[in-house]
Amino acid sequence: PRLVQTPSVPSSLRTKTTMASQEVAMASPNVDMDLAAKVVMQNMTETELQWTSRSDVYEYGSAANPEMAPIPVLVHPPTLHESGPTRVIPFDIDDYLEIDSQCTTPNLMASFLRIEKGDTLSTKATATSQAFYVIRGSGVTSGEHGNITWSQGDLFVVPVTEGNMKHTCVDGAKGGAAIYWVHDQPLMDYIGCKPCVRKFEPTLYKNADLLATVEEIKHTPMEDGSERNRLGVLLGNKACPQTKTLTHVLWSLLNSIPAGNVQRPHRHNSVALDLAVSAKPGVYTLMGKEIDSNGHIVDPIRCDWIPGGVFVTPPGWWHSHHNESDTVAWVLPMQDAGLYTHQRTLDIRFVDDELALHRAGRIRGSAFAITNKQFSDMTKIGSQVPVPKVVGMKRVMSVESDMRVDSPEGSINGSNQAYHLLQQRPGSFTEGQPGFNAGSGFPQPGGGGYGTGFQQNSAVWASSYGASPPYPQYGAAFQLMQQDGSRRGSTQAYHLLKVGSQGKLFGTGTPAS
């Protein structure tokens, strides 16, 4: 047969080829060794060329700390679960993070469950750990792990679950129950595996037991006789005695701040998804990437605690909690700190310890670095509720210096406070996929196809349920990045946006300014 001419190969490869052709000849004495050598050489050359074509080599100094999309300070407000139909309300910001699968952080996915009285909602996740905290209401959860009852303030975790879990609301204020649901499917998606081994057994934490422990701690004096300004209980699992965490991946703390108190800054490498359990106005968190010589956060972003709402604390950032009200406040952070603790990389630090080390002429290693420009942009943007997803568009956060410095209402091209740029994502969603409504251009309730749960848009919501969820007064403006690179500014985030099958953008309602 005629052989295709192959490129020259190094002597090492020729040696491998000779050995391989000899093995072929020994197995088949009638085979022409020269021909066998050429065939083997050609096949090995093609394979190695394919393999080497996939490699990249970088200069260490410029690539050791790659530029990545930072984890933004975003808010999942309680208004989302206080009205509307039974549904999953995902806090999915994968497009901000430039991650291909649905997530709230690189390792975790957080959602609200709203279950109207008498309704049942099914949930499913390909995860090693799932946590459910009852924000409001009472009911029953059933599945392959058994049946349990729950009420406000209870928390339960389940390991690998093959089937659906069904949650039924028996009673609840605001027309139904609300549950905070966090799981680690994004971690499984990233490493490309499906969990099959239970690392712990289903575990239930009753609210009465948690509060009793906090009360006991309250009356236990500090070693130095000082008053406690942090009354918190770590939620551990008997399967995780070493890490003392909720599961081998998840970590949680029921933390309270007495009235008129401040919890000084601290930091850790895990991302925190903080649920404000109970708080009056005047309770907030300050966060930023640096502290000054007095232990105060430099250029902090403020997140007010709104009961039933969740906010994101980025990894490695210093953050302090402040209670300027006259009542104790409670917060329940969810983190992937079980994994970090196991890896010995959690690196939790308290500001006064770090200042003492610094004054003694010592300094410890730092956490994930965020560029000055990224942090500067994020401080200008502040803490924001993400704009609703638009079909075929990608949400990113940016601040543009050439915009007018005034309120969103007075800006011609949008607010300088925050730009939620929506960039075209070709092929991200097309007509004919499950959950796509050709008339509206948006995924529909229960349709699937674009993540789990109902991907709401304010205008679709308003037309279906009569009231649009509120948006922040500032930072609500956004722009649309179309395929041709042109932009359309908007003074408010209430505009109805539609994307047709050809990627064409349509606007109705109040015209964009």
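Begin by selecting the lining of the second largest cavity, which by class has four nonpolar, two polar and three charged residues (Ala, Val, Leu, Ile, Met, Phe, Trp, Tyr, Cys and Pro count as nonpolar, Asp, Glu, Lys and Arg as charged, and the others, Gly among them, as polar). The model on screen is predicted, with local features needing pLDDT of at least 70 and side-chain atom pairs pLDDT 80 or more, while totals for chains, interfaces and linings use all residues. Residues are numbered from 1 along each chain as its sequence is written, and side-chain values use heavy atoms, without hydrogens and water.

The space inside comes to about 60 Å³, a volume being the space filled by probe spheres set on points joined across faces, edges and corners.

Next, select Leu-155, which is among the residues with the most contacts inside the largest nonpolar core, a set of 42 residues (buried Ala, Val, Leu, Ile, Met, Phe, Trp, Tyr and Cys joined through side-chain atoms within 4.5 Å; buried means under 20% relative accessible area with a 1.4 Å probe, protein chains only). Beyond its neighbours within four places in sequence, Leu-155 is in contact (heavy atoms within 4.5 Å) with residues including Phe-132, Tyr-205, Leu-235 and Met-334. Then move to Val-75, Ala-276, Cys-303 and Phe-375, which belong to a second, separate core of 17 residues.

Finally, show the whole chain of 513 residues, of which 48% are buried.

Methods. Buried < 20%, exposed > 50% of the residue type's maximum accessible area, 1.4 Å probe, protein only. 1 Å grid on protein atoms, 1.4 Å probe; cavity = no way out; pocket = protein on both sides within 12 Å on 5 of 7 lines; lining within 4 Å.
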